Amino acid sequence: MAIIKVVLPYHLRNLARVKSGEVEIEITDPATIAAALDGIEKKYPMLRGTIRDHVSGKRRDFLRYFACGQDLSHEPVDTLLPDKVIGGEEPFIVLGSIAGG
Amino acid sequence: MGGVRVLVGTKKGAFVCTSDEKREKWDISEPHFMGWEIYHMKGSPVDANRIYCSQSSGWFGQIIQRSDDGGKSWFQPGTAPGEPTHSPEGFPLAESNKFVYDTSDESGKPITTHQWYDGTQHPWEFKRVWHLEPSLDDPNTVYAGVEDAALFKSTDGGKNWQEMSGLRGHVSGPQWMPGAGGMCLHTILLDPLNHQRMFVAISAAGSFRSDDGGQTWKPINKGLHSNFMPEPEAEVGHCVHRIALHPSRPDTLFMQKHWDVMRSDDAGENWREVSGNLPSDFGFPIDVHAHEPETIYVVPIKSDSEHVPPDGRLRVYRSRSGGENWDELTNGLPQENCYVNVLRDAMAVDSHDSCGIYFGTTGGQVYCSPDSGDHWIPIAEHLPGVLSVEVQTLK
């Protein structure tokens, strides 16, 4: 069990009705990328389906995951989060791509 | 004294416009869901405060929003503010944005393939909700027309959605193909005199009718002719842009097709062209006057390649004879240098004694005619591109 910091993109913060740039998410062990996503969706069920597909669990094409300067987008979702994320020092970042508009 | 509430979906958010019955002065709400595409909003015919909204984005997918106070505040059904967000077991409660094709043995159909742009076969993939059609008698029941083409139904106010898979699973499915905007189910018409009967339209598959409450479906495209198809009069494959009916005569249907304005007087069994003297019979919306079942409206645009009004003049055309003979309506509309389009879900009518006609443009203008089309006034002129317009008559 860990409390991690998560940065959500603007539109998802609005959907989740949170004002702050960072939110705190409780995640279960092992502290993987999937655990972080599960934790986000457990605290904010209105975000289910917006970051990853409801059925396949596949990350949406225009979203990326970053932490501690690493691109975690293409890592297996059972990859452990960096120690500094698990320790609450650095955030897990869900980032919307710059794709025009 | 009554009024009207106009629900405007745009490429960058939703707007709620209100006026009294004169429909001369308008209040426009602050934008809702700013930055999101609002393909459609529609109110329940039996509860004017109940409005459903389709909110989507290429980044974050599909969201369904609901208002129970006439568009002042919104929430995602299933996660209403103040309600528990989790079941006693700790699982998140139902999500309003979960549209999953039904492939179950009990009620579903297998995911098959449809034609892709290049003629190859392509599997069905859910993309977004184009149209929401609330039930005629139950505010908690609402239908959703989606891309890739399928029909969904919710009976709990938009919390849970179940596919009515008989349509997607129709034997003709592999012949359906996407239009330029995608393979969308964009029109849902509910027959007010026969609750077992519904009509839908799909680009580019055509029109379909169910006589058993949506369990089974029949293509109703006889009489349509589409030159872009190898077989121009095939049973399916037609790019129907919109169909409309008058509630007092639901066996009479009017259609704006890719090209051609059509009508049927036998619930879609047979169609005949009624384009008559239109300057172009290409267009997207079509609608019927609230009190005159033979008075219909279209907005011609130049061609399939040039989605702009002919001659740069924005004109609504009205036929008082159910087609064939059309009059141009221009009073109050720009008659020079106008190159906007009116999309298929961006026209609506109210049911006040003096019938109001409404439409929105890709240039962000929303117009109202409080007198059946004789005069037009702008409700708004600088919104984001308009995707849909619906109106609620408040009495």
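How many bridges join strand 1 (residues 3-10) of chain B to strand 2 (residues 13-20) of chain B, and do the strands run parallel or antiparallel?

A: The model is predicted, so local features need pLDDT of at least 70 and side-chain atom pairs count only at pLDDT 80 or more, while totals for chains, interfaces and linings use all residues. Residues are numbered from 1 along each chain as its sequence is written, chains are lettered from A and ligands numbered from 1 in the order in which they are written.

Now the pair. Strand 1 and strand 2 of chain B run antiparallel, and 8 bridges join them. Strands here are DSSP runs of E, at least two residues long; helices are DSSP runs of H or I, at least four long; both are numbered from the N terminus. Two strands pair if DSSP finds at least two bridges between them. Within this pair, B:L7 stands opposite B:V16 of strand 2.

Step out to the sheet. It is open, holds 4 strands of chain B in the order 3-2-1-29, and pairs in the antiparallel sense. Strand 3 (27-28) and strand 29 (386-394) stand at its edges; each has a single partner strand, so one side of each is left without a neighbour in the sheet.

Next, the core. The largest nonpolar core has 131 residues; among those that touch the most other members are B:V6, B:V8, B:V389, B:Y358 and B:V366. A nonpolar core is a set of buried Ala, Val, Leu, Ile, Met, Phe, Trp, Tyr and Cys residues joined through C-beta atoms within 7 Å. A residue is buried with 20 or more other C-beta atoms within 10 Å of its own, exposed with 12 or fewer, and partly exposed in between; the C-beta atoms are placed from the backbone.

Follow B:Y358. Not counting residues up to four places away in sequence, B:Y358 touches B:V6, B:M347, B:A348, B:V366, B:Y367, B:C368, B:V389 and B:V391. Contact means C-beta atoms, placed from the backbone, within 7 Å.

B:V366 stands opposite B:A380 in strand 28 of chain B. Strand 27 (residues 366-369) and strand 28 are antiparallel, with 3 bridges between them. The open sheet in question has 4 strands of chain B, ordered 25-26-27-28, with antiparallel pairing. Strand 25 (347-349) and strand 28 (377-380) form the edges; each has a single partner strand, so one side of each is left without a neighbour in the sheet. The twist averages 25° from one strand to the next, with axes fitted to C-alpha atoms and angles running from 0 to 180 degrees between N-to-C directions.

A:A36 is among the members that touch the most others. A:A36 is one of the buried residues of helix 2 (residues 33-43) of chain A, along with A:I33, A:A35, A:L37, A:G39 and A:I40. Those buried residues pack against strand 1, strand 2, strand 3 and strand 5 of chain A.

Those strands pair with one another as follows. Strand 1 (residues 2-7) of chain A pairs with strand 2 (residues 22-27) of chain A in the antiparallel sense over 6 bridges, and A:I4 has A:I25 as its bridge partner. Strand 1 and strand 5 (residues 92-96) of chain A are parallel, over 2 bridges; A:V7 is bridged to A:I93. Strand 3 (residues 63-67) of chain A runs antiparallel to strand 5, with 5 bridges, and A:A67 is partnered by A:F92.

Chain A as a whole has 3 helices and 5 strands, in the order β-α-β-α-β-β-α-β from the N terminus. Buried residues make up 32% of its 101 residues.

Finally, the contact between the chains. Chain B supplies 17 residues and chain A supplies 16 residues. On the chain B side, 7 are nonpolar, 8 polar and 2 charged. Ala, Val, Leu, Ile, Met, Phe, Trp, Tyr, Cys and Pro count as nonpolar, Asp, Glu, Lys and Arg as charged, and the others, Gly among them, as polar.

Note on methods. Two residues are in contact if their C-beta atoms, placed from the backbone, lie within 7 Å.
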